[in-house]
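Biologist: Let us go through some contacts in this model, one question at a time. Please define each term when it first comes up.

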Amino acid sequence: MASYNTGAILKTTSPPLVSDAHSPCISVCPWTTRTGKVVTLYATLACIEVDISPTKSSVHCQMKLFVSEGNPHCLKVLAALEVAGVQCEVQFVNHEEKVVPFLSRPSLPALLLPNGQHLFGPNAICRYMFEVSGQECSEACDQWLEWEATDLQPALLQALHMAVLQGKESEVPKVLAGPLSYLDQSLTKATTSYLTADVVSVADLVVCAALHPIFSASSLTSGEHTSVKVWFDRLAASQSCVSASHKVLQGKGLQAMKSFMQRQPAPQSGQCRGNGQLCNSGPVEGEEGEHVVSQEEMEAAALTWHKGLNSSPAATDRLHPILPQEGKRNILLTSALPYVNNVPHLGNIIGCVLSADVFSRYGRLRGWNSLFVCGTDEYGTATENKAREEGLTPQQICDKYHAIHASIYEWFQIDFDFFGRTTTEKQTEIAQNIFWRLHKNGFLVEDLVEQLRCDQCQRFLADRFVEGTCPHCKYPDARGDQCDKCGRLINAVELKAPHCKVCGQTPVIRSSKHLFLDLPKLEAQLEHWLDKSTGDGDWTANAKQITRSWLRDGLKPRCITRDLQWGTPVPHPDFKEKVFYVWFDAPIGYVSITANYTDKWEQWWKNPDQVELYNFMAKDNVPFHSVVFPCSLLGAQDNYTLVNHLIATEYLNYEDTKFSKSRGVGVFGDMAKGTGIPSDVWRFYLLYVRPEGQDSAFSWTDMALKNNSELLNNLGNFINRAGMFVSKFFDGCVPAMELLQEDKKLLAVVGWELEQYIQLMDKVKIRDGLKHILNISRHGNQYIQVNEPWKKIKGGDAERQRAGTVTGVSINVACLLSVMLLPYMPAVSQTIRDQLNAPHSCVSAILRGTGAFTRVLDAGHQIGTVSPLFQKLEMEQIETLKKRFGGQRLEDVPPNKKVPTPNAASPQSAAMPPIPAMEVNAGVDPEKARQLTQAVAEQGEKVRALKAQKADKSVITAEVSKLLELKKQLALAEGKSPEPAPVKGKK
């Protein structure tokens, strides 16, 4: 940890983040509050903690704020200054003024603090002003500030560039459609007057000021986003915003910003930003300009090309068991163990197993010695409840769903080295061994635990079977172990207004003696290890942030035992009626699954000097893998291998909602096969929209677009053309090639794309790596189009030779693409190599070292039969699929009719999503009441949104009717006599 003694203590893993108008982001600089508390600001590149103990006069000393006319970022800080009422001198300077001495470029606005330090970055300044005035910023505020900086600002800068410098005002609404839609939806659904509360917060001020230049020009906004317009108009009319606008824009509107915008670099069009939390613009839409290659690069590329495969290593098949090898890079890969009682949906698949599979396949191409293990997590209350629902024993449920999971992953071509499970003797043996070592080393403590018990269900409730209001951020649907909104871990008894998810009843608190892992006692060891692991390894930004927020809040002892029956038994005689808590037990499953794969498992799991461990998961699993499990292994003091690289995705949603098996919303793993779309196309699209930096969404329309444009018209078109030219013009034999300058240029450009691909994939930038595959096929299509071999083949000898060279180079580019595609689309990759009759050695040669685009298919090589790789997805087909997986609304099911639910394992289930039973029975039905309560809430939210948007009256009336019918069904499910729904216009 670097430490800087400049009147403040900065604890950081990187130098202080520099932010300026060229890269608007939430910046971090030394700053203080009246309480001298630790403050953390999240930035796009780093998370820095600042701890300052102010003197009594520090807050009240004179500060100086530097701003410039026409700079839209200065609107925020001037408005914040007036709202906060902080004493501060304001000085206007020109855009080129270097106010912050240690920055190489001008950075405005900037705030000179009383202690002589500078705070730069508009959002950081605004937040600081609110804090010193005594207005604390909530976590929700911080999330909005981060959204404004990382999502809204890139879109705004592109929009302003178009409007101010290019005169393309008509295109501005399209550029801003994504972020404005997200903001509008959030405001529509909000239960408060403003973004985070019923009073104006720093988040409202920052977002409003950011939008001010655009919204003040009526020609730049569309008639949509009603909620945003109402919210903006209310804020923009305030004295603070009016005053700030007058000072910065001088009444000149957008023209006042021309001088400032001319000094900004042109934003990349189509940048993957600015659509709220759902970012679907894939890797290609943010495409950079073509790399310019030098003459030296061209000659070097030609030299590599001529080497061929002669000196390349021979391909070797995997031999099991795979064990670490001296002198090789030994990679142990795990993906989060899927819980056995559920069928995984697309979000589960991309977040864990598919991402890990891509990296595992890539590692083999690189020549790494890797082992990829996974399995089903089978213990816990959820399994018991599922067994009760289906009339089976817990073990039978585990057997049934383990087979379902294995079948789904096999269809998606997930190439595990071993897919195991946690209900094994090895799991019991290893978990109990770690337990006894923790006990012996003094890292376990006893305490009484207050737990929630449902008298209706006659059981203690597992955390995930109780929901309520988060005690930290007030989110109403927090689970008993973690809040999905603020991400903080919680104890179920801390929930406000808790209710049992099974029956809906309010549980009561009961006490029971339990064992705890003493995390505070392990905290120093953990921090020391984390500093090294996060510094040396490839941890995703969200994994680092979530881990740091956990440590920032201070570690607390964590209970490791439960009052259950289905689980790994606790071996301690005083706790023989209890089992291990699943969060303690499940990660040990990685170890026991490896032990079931090979009895030499300790060569992987107790070998930190030779083995690198990669964990793949969704972000909600991060704390268990970055804090809790490492603490268990550190406390065991048995030389365990700890995670070196923690790869966490954000969430994948379905269209504009969440996946729901009970409501039939979204595509689940057992249904994808029934769509008729090949698994490789599913893999491609899920990886194309992989939620790496922010949440993304599966969209049927977008999937069809990407299939038809990127796969069919770009990638498939190039490979098919190259193969057909060889077959049609050269009788299936690769022609002789005599390279000219433009051929060498293509070789160099393709070689550069290959190098970028390897650099990104080495860092597990899977979605970005896909960009370079598609770039290469785009270069290939342009190369063919410019050289027109189909015309030259009809000319003289020189032209025929030229057609042969272009065809030969193109078919070799196609061979390269087949290898680069292998981690993403293994079946398509194999098909291409089969069609090209490519030597197997190319798979093991091309991606070694820094990558080598070499001539694999020599002149005279006979290729196989060429045929199209992809089929077009027609919109009629897509609309049918969208309707099929859009969910069966509860109100659409006729009363007194029960809709059968397909068996998850049957073939029919792939074609038809399960629909909740809706038979209306006499008496109380708690489970149906719970489903209907949720449906009533969702429908009510929809009605309120339509009213807020002033939708057509007939549309609102129809939705209100559905709401009333739902309420009637809810009353029946609760055993009440429903009152007839009132009809408007009748008495």
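Modeller: We can start with a helix pair, where Leu 519, Glu 523, Leu 526, Glu 527, Leu 530 and Thr 534 of helix 14 meet Lys 544, Thr 547, Trp 550 and Leu 551 of helix 15; contact means heavy atoms within 4.5 Å. This is a predicted model, in which local features need pLDDT of at least 70 and side-chain atom pairs count only at pLDDT 80 or more, while totals for chains, interfaces and linings use all residues. Residues are numbered from 1 along each chain as its sequence is written, and side-chain values use heavy atoms, with hydrogens and water left out.

Biologist: Is helix 14 roughly parallel or antiparallel to helix 15?

Modeller: Helices (H or I, at least four residues) and strands (E, at least two) are DSSP runs numbered from the N terminus. Axes are lines fitted to C-alpha atoms, for helices over the stretch in contact, with angles from 0 to 180 degrees between N-to-C directions. The axes of helix 14 (residues 519-536) and helix 15 (residues 541-552) come within 12 Å and cross at roughly 150°. Angles under 35 degrees count as roughly parallel, over 145 as roughly antiparallel, 65 to 115 as roughly perpendicular and the rest as oblique, so helix 14 is roughly antiparallel to helix 15.

Biologist: Is Lys 744 buried or exposed?

Modeller: Buried means under 20% relative accessible area, exposed over 50%, and partly exposed in between (1.4 Å probe, protein chains only). Glu 299, at 35%, counts as partly exposed. Lys 744 is at 17%, so Lys 744 counts as buried.

Biologist: Which residues are linked with Arg 364 in a network of salt bridges?

Modeller: Arg 364 forms a salt bridge with Asp 417, the closest N and O atoms being 3.8 Å apart. The network linked with Arg 364 holds Arg 318, Asp 415 and Asp 417.

Key
Salt bridge = Lys/Arg side-chain N within 4 Å of Asp/Glu carboxyl O.
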